[in-house]
Amino acid sequence: MIHFAYFSLAKKMQEAMKNNRRNFIKLAGSAGFSMAGNHFFKDFSYNSDNYPSAGPDTPASDGNTSIIGSYGFWAAGLIGKQLPSFSFRGESWKNIEKWKKSAKKRFTERLSMPDLGGIPEVAVSKQYSYDGLHIEELKWALPDGGYSEAILLKPERISGPLPGILALHDHAGNKYFGTKKIIKTSDKQHPMMIEHQKNYYEGKTWANDIAKLGYVVLVADAFPFASRRVMMKDIPLNQRQGLSDPEPDDLDGITAYNRWAGQHEHIMAKSLFSAGTTWPGVFLAEDQKALDVLCSREDVDKENIGCCGLSGGGMRSVFLGGYDERIKCAVPVGFMTTWKDLILDKATSHTWMTYVPLLPKELDFPEILGLRVPLPTLVLNNNEDGLFTLSEMHKADDILKEVFEKAGAGSNYKCSFHPGPHKFDARMQTEAFEWFDRWLK
């Protein structure tokens, strides 16, 4: 049972958010809460709509309620009466290759990915050394507008083709930043990124750390973050809420932009649907261009490529790892559950980037990642992750175990549950790095 005082404090924080974001931050700080860390004590998590949601031990659907009222159980019943039609767990699917061909074809149809052309022409903006790493600042043009900026990191003193890692940054309700969330390229860091890394990554820059272990690591801005974000100057005046594009030292302006970008997500999703595509289709297409760039390099062993990311980066790891077999080893962190969990409990906690219309009748969410079977796969979860219901996280694990075991590849799959809230801390990073070393070296 959640203590009444938690609800009272959460209500005050919600009102503070509505009235003045700075007051909210002060109240959150005084209560020991973390904006970026997605955890109000054990029992609340911060979500993109600025409302507290029940933690994993207190699901919204207690058997009598759901986040869409009485309609929730009817909606859940639409996909819960039988296995999804393209589930490898079904008795009709016996040949793994035949199933993968059919299931991936349907998955591709549902994504309705835009065609972004061939391997992008990459420009190197700057090269330098920092903390034992050779660093390159890259950018490439994309046909859907503008440039994607990226950072490449590799050990200074190791030569020859090295295994590659596509490091996928998180969402965290912060679209102003992208690659900088998980890297460090100088002793001077943006104060918001110092705090971000402290809350999510135990103060570590995991992309740097795995590069030092002997990998070529590429971190690119996802759609629509940082260099790929929606610019206020390109938005009609009546939709800007009086905002302009903030400079990096304008902390209040960045906070205001991120709040606007969160509120803008439903518009982005509806516009993309109206264009005949999906948000996952767009970010997956752009992530594949980053993968093209990584695999095209002479210093990369393209037969040994992995991907990893937390939260929104975990979601992207699910889609990319399930879709593209160039990813020989996938490690999604802090993003694994079932569609049922989102129907009944947790859609309030998640970005519009997650959803693919009609797909839940054909593949449950973990089965997107299961499309990569028998390739090595590690899923990392947190027991007190307020973005998901713990029982559904375990259900997702059971689903993936069944898929891999049916394919005769049970030893290629592993799922770990770590203590604590939504994060990718040092202990989890160590497990991920050891998994990559096992399969890519």
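How many cavities of 30 Å³ or more does the count come to? The count comes to four. The structure is a predicted model, in which local features need pLDDT of at least 70 and side-chain atom pairs count only at pLDDT 80 or more, while totals for chains, interfaces and linings use all residues. Residues are numbered from 1 along each chain as its sequence is written, and side-chain values use heavy atoms, with hydrogens and water left out.

Rolling a probe the size of a water molecule over the atoms shows where empty space is left. On a 1 Å grid over the protein atoms alone, a cavity is a set of points where a 1.4 Å probe fits but cannot get out. A pocket is an open set with protein on both sides within 12 Å along at least five of seven lines. Lining residues have an atom within 4 Å of a point. Points are joined across faces, edges and corners, and a volume is the space filled by probe spheres set on them.

The largest cavity holds about 60 Å³ of space. Among the residues that line this cavity are Lys175, Tyr257, Trp260, His264, Glu265 and Trp279. Helix 7 (251-263) gives the largest share of the lining, three residues, and helix 8 (265-274) also supplies at least two. Helices (H or I, at least four residues) and strands (E, at least two) are DSSP runs numbered from the N terminus. Seven lining residues are nonpolar, one is polar and two are charged. Here Ala, Val, Leu, Ile, Met, Phe, Trp, Tyr, Cys and Pro count as nonpolar, Asp, Glu, Lys and Arg as charged, and the others, Gly among them, as polar.

The second largest pocket has a volume of about 710 Å³. It is lined by 26 residues, and the closest to its centre are Glu149, Phe177, Thr179, Lys180 and Ala226. Strand 4 (133-141), strand 5 (147-155) and helix 5 (191-201) each give two or more residues to this lining. The lining of the second largest pocket divides into ten nonpolar, eight polar and eight charged residues.

Charged side chains also pair up. A salt bridge is a side-chain nitrogen of Lys or Arg within 4 Å of a carboxyl oxygen of Asp or Glu, and the model has 23 of them. In one, the closest N and O atoms of Arg106 and Glu109 are 3.0 Å apart. Because these two residues are three apart in helix 4, Arg106 and Glu109 are separated by about one helical turn. Arg106 is partly exposed, at 25% relative accessibility, and Glu109 is partly exposed at 40%. (Buried means under 20% relative accessible area, exposed over 50%, and partly exposed in between, with a 1.4 Å probe and protein chains only.) Both residues belong to a network of salt bridges that also links Lys105, Arg110 and Glu362.

Lys401 and Asp397 form a salt bridge with the closest N and O atoms 3.5 Å apart; the two are four residues apart in the helix, so about one helical turn separates them. Lys401 is partly exposed, at 36%, whereas Asp397 is buried, at 6%.

A further salt bridge joins Lys414 and Glu431 (3.0 Å, N to O). This pair links distant parts of the chain, with Lys414 in strand 11 (residues 413-418) and Glu431 in helix 14 (residues 426-440), 17 residues apart. Lys414 is partly exposed, at 36%, and Glu431 is buried, at 12%.
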